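Open the structure in your viewer and keep the sequence beside it. This tour tells you what to select at each stop.

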Amino acid sequence: MISIIAAIAENRAIGADNDLLWRLPNDMKRFKALTTGHTVIMGRKTFESLPKGALPDRTNIVITKNKTTRFENCILFHHPEDAINEYNAKDEVFIIGGASIYNQTIDLADKLYITLVHHSFENADTFFPDISEDKWIMTEQRDFQRDEKHLYPYSFRTYIKKK
């Protein structure tokens, strides 16, 4: 199973200046619950944006074109397809970003775990690919209102690829 997990704004924004545009504690909890114990695949910039390095209790794979780069507690691949081919048979793999990796893998994915932030961010410079209704069907949606810990309303959505 190849799954993509991402938090995206209504205008498909996912970041600016290699950082997130919002902080949603419940989204972070969901991310941790879904990915712990599994393989996560990410690009180099996404890995470098992690505050504490490799994510604990997960197999961390970093995609980089640089053949001499090394990251502690990570496995390196040069192409996302190679990592997917090696780890997909063993486990559900989660593609966790960034935009380039999402674009390279969305057609390979079986499932999308999306947190939709009900806001558009004009300062964004990084965007998630289009989730085409021709290719994906939403199977679950849970809506949440803004509160003292969440500046924006949001929805947890799950999509599966149409057969």
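Predicted model: local features only at pLDDT ≥ 70, side-chain atom pairs only at ≥ 80, totals over all residues.

**Stop 1: the largest pocket**

Select Thr 46, Ser 49, Leu 50, Ile 96 and Gly 97. These residues lie nearest the centre of the largest pocket. Its volume is about 1,400 Å³. In total, 42 residues line the largest pocket.

Now colour the elements around it. At least two lining residues come from each of β1 (2-9), β2 (13-15), α1 (25-35), α2 (44-49) and α4 (99-105). Which element gives the most to this lining? It is α4, with 5 residues. Colour by class next: the lining of the largest pocket has 19 nonpolar, 14 polar and 9 charged residues.

**Stop 2: the second largest pocket**

Move to Ile 8, Leu 116, Ile 131, Arg 157 and Tyr 159. They lie nearest the centre of the second largest pocket, which 16 residues line. The volume here is about 220 Å³.

Show the strands. β1, β7 (111-117), β9 (136-144) and β10 each supply at least two residues of this lining. β9 gives the most, with 3 residues. By class, the lining of the second largest pocket divides into 10 nonpolar, 1 polar and 5 charged residues.

**Stop 3: Thr 158**

Select Thr 158. You are now in strand β10, residues 154-161. Is Thr 158 buried or exposed? It counts as buried, because its relative accessibility is 5% and the cut-off for buried is under 20%.

What does Thr 158 touch, leaving aside its neighbours within four places in sequence? Its contacts are Arg 30, Lys 111, Leu 112, Tyr 113, Ile 137, Met 138, Thr 139 and Glu 140.

**Stop 4: salt bridges**

Side chains of opposite charge can pair when their charged atoms come close. The whole structure has 4 salt bridges. Visit these.

- Glu 140 and Arg 142: the closest N and O atoms are 3.6 Å apart. Glu 140 is partly exposed at 37% relative accessibility, and Arg 142 is partly exposed at 41%.
- Lys 135 and Asp 107: their side chains meet at 3.4 Å, N to O. The pair links distant parts of the chain, 28 residues apart. Lys 135 sits in the loop between β8 (126-127) and β9, and Asp 107 in the loop between α4 and β7. Lys 135 is partly exposed, with a relative accessible area of 43%, whereas Asp 107 counts as exposed at 52%.
- Asp 19 and Arg 23: this salt bridge spans 3.5 Å, N to O. Asp 19 is partly exposed, at 42% relative accessibility.

**Stop 5: aromatic rings**

Show the rings. The structure holds 9 aromatic pairs. Select Trp 22 and Phe 121. Their ring centres are 5.1 Å apart and their planes meet at 40°, so the pair is tilted. This pair also links distant parts of the chain, 99 residues apart. Trp 22 lies in the loop between β2 and α1, and Phe 121 in the loop between β7 and β8.

Trp 22, Phe 121 and Tyr 152 form one aromatic cluster.

Definitions and conventions
Residues numbered from 1 in each chain as written. Heavy atoms only, no water. Helix = DSSP H or I, 4+ residues; strand = E, 2+ residues; numbered from the N terminus. Buried < 20%, exposed > 50% of the residue type's maximum accessible area, 1.4 Å probe, protein only. Contact = heavy atoms within 4.5 Å. 1 Å grid on protein atoms, 1.4 Å probe; cavity = no way out; pocket = protein on both sides within 12 Å on 5 of 7 lines; lining within 4 Å. Points joined across faces, edges and corners; volume = space filled by probe spheres on them. Nonpolar A, V, L, I, M, F, W, Y, C, P; charged D, E, K, R; others polar. Phe/Tyr/Trp six-rings, centres within 6.5 Å; stacked < 30°, edge-to-face > 60°.
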